[in-house]
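Here is a short briefing on one structure.

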Amino acid sequence: MSRSAQAQIDNFVSQGLSSQEVVRAYERGEKNIIASKPIPSDIVFFLAQFKSPLILVLLTASLVTALIGDFSDTVVIFGAVLLNTLLGFYQERKAFKSMQALKDVVAHHAWVMRDGKKIQIDTHEIVVGDVVLIAEGDTIPADGVFVESSELVINEAVLTGESVPVTKVAYKPSVPLRSNKEVLSYFETTQEPSREERAYLGTVALTGLGTLVVTAVGMDTEMGHIAVSIDEQTQKKTPLEKRIEKLAELLTVAIVILALFIFAFGLFTGKSFTEMFVISVALAVSAIPEGLVVALTAILAIGMHRILKRKALVRNLVATETLGTVTRVCVDKTGTLTKGKLVVAEVAFTDTRLAYITSVVANELRDPLEFARWKWATEYARQHSGKFSTPTDLQKKYSIDDRIPFSSERRFLAVRSGAEIFIVGAPETVVEYSSLAKKSQDRVLKDVHLWAQQGKRVVGMAHRKCVSVAVAKKDFAALAKGTSPRSKVKWLGLMGYTDPVRTGVKAALEKAEKAGIKVTVITGDYRETAVAVMNELGMNVDDSQIIEGHELEKMSDFQLESVVQEVLLFARTKPSQKLRIVKALQAKGEVVAMMGDGVNDAPAIAAAEIGLVVGDASDIARESADIVLLDSNFATILAAVEEGRGIFANLRKIILFLLSDTFSEVILIMGSLLLGLPLAITAAQILWINIVNDVFPNLALTMDPKQEHLLEQPPIDQKEEVVNGELKILIILISLITGLSTLAIFSWSYPRYGIELARTLSFAILAIDSLVYVFSCRTVTVNVWKESVFANKWLVMAVLFSGLATIIPIYFDPFKSFFNFQPLEIIHWIIVAVISVVVMTTIEITKYVYFNVLVSKQTKM
């Protein structure tokens, strides 16, 4: 670069943009803002609860009852809707506020040069061409090119996923620049600067000073491009949303068909239009499981709480159930399978004293390797008290006169203290500068390879003592150029680091295998290191199950899809490649849980069915995720999956309970009409059963303890209907027995006792019967006597309370008058008890035959 070009850049840096240039940039619409999802208002959270198809069915029913003047039914139905929306609103708003609390405090101001003055401005006001001054600890406010750098080291892990910081150097243009205008135009268009010369929005200066010229702001930055990529990921409906939509559609169609059939049948038999319309509405009301929407929201909310107790924060309700369907978990090795904290695991020194001094003096405490080296030195000095000075005393003794910072090209760090030079870096680089013979160097490299296969990260150390400070200065300058004579550098040996595996991860992986969940490791680390960790955890992997980043780049999507399910390890991958891996797995029918933490992970997190991030992940990654792991542990992922399966199991119990009750009422209403009898129960009485009597057992089932051995069962098939074959059999059986027996009692009691007492008896049978068979619903796959009735104490209390809620309106006003009830006698309660016992006995016999005979026989076959 010519002196005139450097002088012009220096002039531009000293002046910065003029006020007029800044105004023109604002007029062009330049904004240093990453577009993100706006913070939802309380109204948005509230209205979001009305998206459920079941809620829409209930709202329609409340509207129809209002139109025909049946306002008591309207109030009760709308009350169920309101209860559900308030519960969902509270839980999702609470989760969002927890997410907001997790966000890191970020810098909102930056120092820039404008009109020849150093001023502090809001980062949103930065425009292309601004000269930004960077100091230690600053967050880079925009993309740009460094034109000045003094020992500047940047942590770019938030963008690249790489934990090793990058040393930045000043860019030197290769063309002459004669004016500030040419300088500005050149930096806006040039593609020459390397990664070491560029600055990226959101990264952090660890040490040093720098000056950068801004080349991109807001959505034009690298982070902005990633934000656009996230928005392009279509948010798929979860398996639960699909199941509930299908269930709502089936219920709606069935209700409409039944109502139209009854309406037409009544008109055909000579009944009036108004009478049949009211009856049809009563039938529709009886067919809608009002308690289901409340229970669905409650069970997911309780699931969120249970998962939080196991160190995971769920951002939205439906994600809790989706966990139960996960078939593949994609995780990073570092920090998830391992502790994410390097420790010195092994040393092989030729001169222990000098190696110890080098580990301390050539240590700037900037990256995980240096922190681990310092911790080792501190412990080593403590163990050999009196023989070695403490690291702090050593640093005071060896003042640093000159340093060569680590860079990806140089691959070593060197410092000079007086006449001594200390070197730490990549073994293959450092050993070349040593006085070791070629055979000895080869032995060193063989050891390095062996340690790498054991999962260790390895550094080499060397030392040089010169005859004078002048000679040391000369040789240090030569070393910086890579031309230092080898004969005078003493090889000190190797230091190996490991990232210890997390306690409990091996057991968790064994559980995952039993649960039918496959684990894919995606890491930017070396193949050998990752394989060593996986082997230690019992994840035996061969070469055919490994793909490296450079191989992945050459593969087409079709080629990747053909092998992706068999690959257990993707090594040396870029974070941007994770999206391809997720989409390939989804193309093969996998339900994917994707874990990440950096900005570049966000598109893959957003595309996965379940996005997982750690608590200290970037803001963009967190906003894309469904679940935040508060302890970054793989075992926590499995715990969340177990809770998801428990939620689905409890949801089925609730659906069995509510739909059995619902269809018992439908059969009773239809039977009354077909036999030419008055309605055996009124719409208001039905609603009392559905919303008051059933709601407490219904909610108690949401808190039912999860079954044992859930993680020994295969994942829930995402295509499996929520009402499967077993539930259909039990729903039909319970509905027919309860509905027909109640109809028979009504037919018998109506001519003897009159309509009011007959309806009271029907009401009592339906209400009490459901409170008895709810215990059979709780143990869907086993007989009720095999589990303690008191395992769910909430259910016992709910049944007792609902029993009172059945008796009170029968005997006491104002309920008695409102519902037109007549007090029942002992004989009537005996009839209620007999029918309840018969129904429960039939259910238990059916369960025994189905699960112990038919299913057992099929398993043996």
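Ile826, Ile827, Ile830, Val834 and Val838 make up a nonpolar surface patch, and together they have about 460 Å² of accessible area. This is a predicted model: local features need pLDDT of at least 70, side-chain atom pairs count only at pLDDT 80 or more, and totals for chains, interfaces and linings use all residues. Residues are numbered from 1 along each chain as its sequence is written, and side-chain values use heavy atoms, with hydrogens and water left out.

**Surface patch**
- Patch members have over 30% relative accessible area and no salt bridge, with nonpolar side chains joined within 5 Å.
- A salt bridge is a side-chain nitrogen of Lys or Arg within 4 Å of a carboxyl oxygen of Asp or Glu.
- Accessible areas come from the Shrake-Rupley method with a 1.4 Å probe.
- Ile826 belongs to helix 34 (residues 826–860).
- Ile826 counts as exposed because its relative accessibility is 65%; the cut-off is over 50%, while buried means under 20%.

**Helix 20**
- Helices are DSSP runs (H or I, at least four residues), and strands are E runs of at least two, numbered from the N terminus.
- Val505, Ala508, Leu509 and Ala512 are buried in helix 20 (residues 505–514).
- Seen down the axis, the buried residues of helix 20 fall within an arc of 100°, so they line one face; the arc uses directions from the helix axis to the C-beta atoms.
- Glu513 and Lys514 are exposed on the other side of helix 20.
- The cover over the buried residues includes helix 13 (333–337), strand 16 (518–522) and helix 27 (634–674).
- Gly516 follows helix 20 and has a positive phi, near 75°.

**Ser749**
- Ser749 lies in helix 30 (residues 725–753).
- Ser749 counts as buried because its relative accessibility is 0%.
- Leaving aside residues up to four places away in sequence, Ser749 touches Gly754, Ala758 and Leu761 (contact: heavy atoms within 4.5 Å).

Key: Buried < 20%, exposed > 50% of the residue type's maximum accessible area, 1.4 Å probe, protein only. Patch = residues over 30% accessible without salt bridge, like charges linked within 9 Å, V, L, I, M, F, W, Y side chains within 5 Å.
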